[in-house]
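Trainee: Hi! Could you walk me through this one?
Mentor: Happy to, let's have a look together.

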Amino acid sequence: MSAPNKSIWHHTYRYIALVFLLLIGTVAQAHESSTAYLNLAVEDSNNAAGVIYEAEYELSLRDLALLINIDPNQDQQVSWAEVKAQTSLIEQLVTSKIKLASADQLCQITSFSPLAINTRGGFNYLYNNFALRCEQPIDNLDYQILAGIDANHRLILTESGDDAALQVLAVGSTPLGSEANSGWLSIATNFLKSGVHHLLIGLDHLLFLFVLLIPAVYMRKQKQLVAVAKPKAALLEIFWIATSFTLAHSITLTLAALQIVSVPARFIESVIALSIAFAALNNLVPMLRVRAIYLAFVFGLIHGFGFANVLVDLPLATSARVLALLSFNVGIELGQLVFIAVVFPIALLLRHTQFYKWGIFYTGSLISILIALWWFFERAF
């Protein structure tokens, strides 16, 4: 083997080692981003003891399992009896990790209702209802559920009443009750940010875009990969891929978010993983003689249902739901553009190199297949 070839393979092997390290880290953090729900409603604002609130909190059982042992027999099947047996610990968790305050005075939880199990998007959620007493109307929330465990955990907070408001919050302390946190502007802003966040932390969506984008700087001639001569050709391919993916996921996102079509979340998440594996395999062994834009459209329809999980079951009127949908979709597109702006210049710059061909295109596609299949078995079984 010649010295130049040895150098090429040396760098390729180093790259493969690095990718496998990233694979291990990715799999270890394969817990999907999670959403909890908190609704606050004023029960009595003229009580001599202060303002009385009713709070409804919902947390998925898969998230609860990260905080409390709700499967002591380790049979991978959480029963209602096992959840109910941990009532005391669950109440302690809510009391210590969800702190509402008014005028710097912590609100006091006065009573808990019996626990229940609810279903959202095909997943089981713990339903916890409790009463709060506050000196004045609530103006701050310190939310610490999954702090230090899942940085991508989000809380959808709704405040019922004449000035109904909805916010998408991260873990931490957040002021409540201001004009900036209510009304149409709040919904648009919150769901725009949520859309950007959802795309950029959605490893499965990003991996799907990755396996579609990396071949964009190549043309196949006589079964050989040939780098495009002019950047314009690759740029046009990227544009059509992004447009096709956007159009497709917008269709199914709208249908699901407006509750016109409903598909079980577990099924969708499993099929999304398979779509990544298929697209990556198609890079290595072209099975469909079609351009990537058609794959982007077909599989984009599936990914749209995945995006919609954030919007399903929100306590919003139709007009507010449409605004949240539009804002969320714009946020997804912005997040997608950020990802493309990072990946595409690298692909364009390195398209003529053996490092890109073997290290990124071939090895990257292979590793993507392994990650996607791991996700499929994890989600389906």
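**Strands, a helix pair and one serine**

Mentor: Strand E3 (residues 98-102) and E4 run antiparallel and are joined by two bridges. Strands here are DSSP runs of at least two residues (E), helices of at least four (H or I), numbered from the N terminus. This is a predicted model, where local features need pLDDT of at least 70 and side-chain atom pairs count only at pLDDT 80 or more, while totals for chains, interfaces and linings use all residues. Residues are numbered from 1 along each chain as its sequence is written, and side-chain values use heavy atoms, leaving out hydrogens and water.

Trainee: Which residue is the bridge partner of Ala101 in E4?
Mentor: Leu106 is the partner of Ala101.

Trainee: And what's the order of the strands in the open sheet?
Mentor: The four strands go E4-E3-E8-E11, with antiparallel pairing; two strands pair if DSSP finds at least two bridges between them. E4 (105-106) and E11 (172-175) are the edge strands, each pairing on one side only.

Trainee: New topic: how do helices H8 and H11 cross?
Mentor: The axes of H8 (residues 265-284) and H11 (residues 354-380) come within 8 Å and cross at roughly 160°. So H8 is roughly antiparallel to H11 (angles over 145 degrees count as that).

Trainee: Last one: is Ser60 buried or exposed?
Mentor: Ser60 is buried, with a relative accessible area of 2% (buried means under 20%, exposed over 50%, partly exposed in between, with a 1.4 Å probe and protein chains only). Ser60 sits in strand E2 (residues 50-60).

Technical notes
Axes are lines fitted to C-alpha atoms, for helices over the stretch in contact, and angles run from 0 to 180 degrees between N-to-C directions. Angles under 35 degrees count as roughly parallel, over 145 as roughly antiparallel, 65 to 115 as roughly perpendicular and the rest as oblique.
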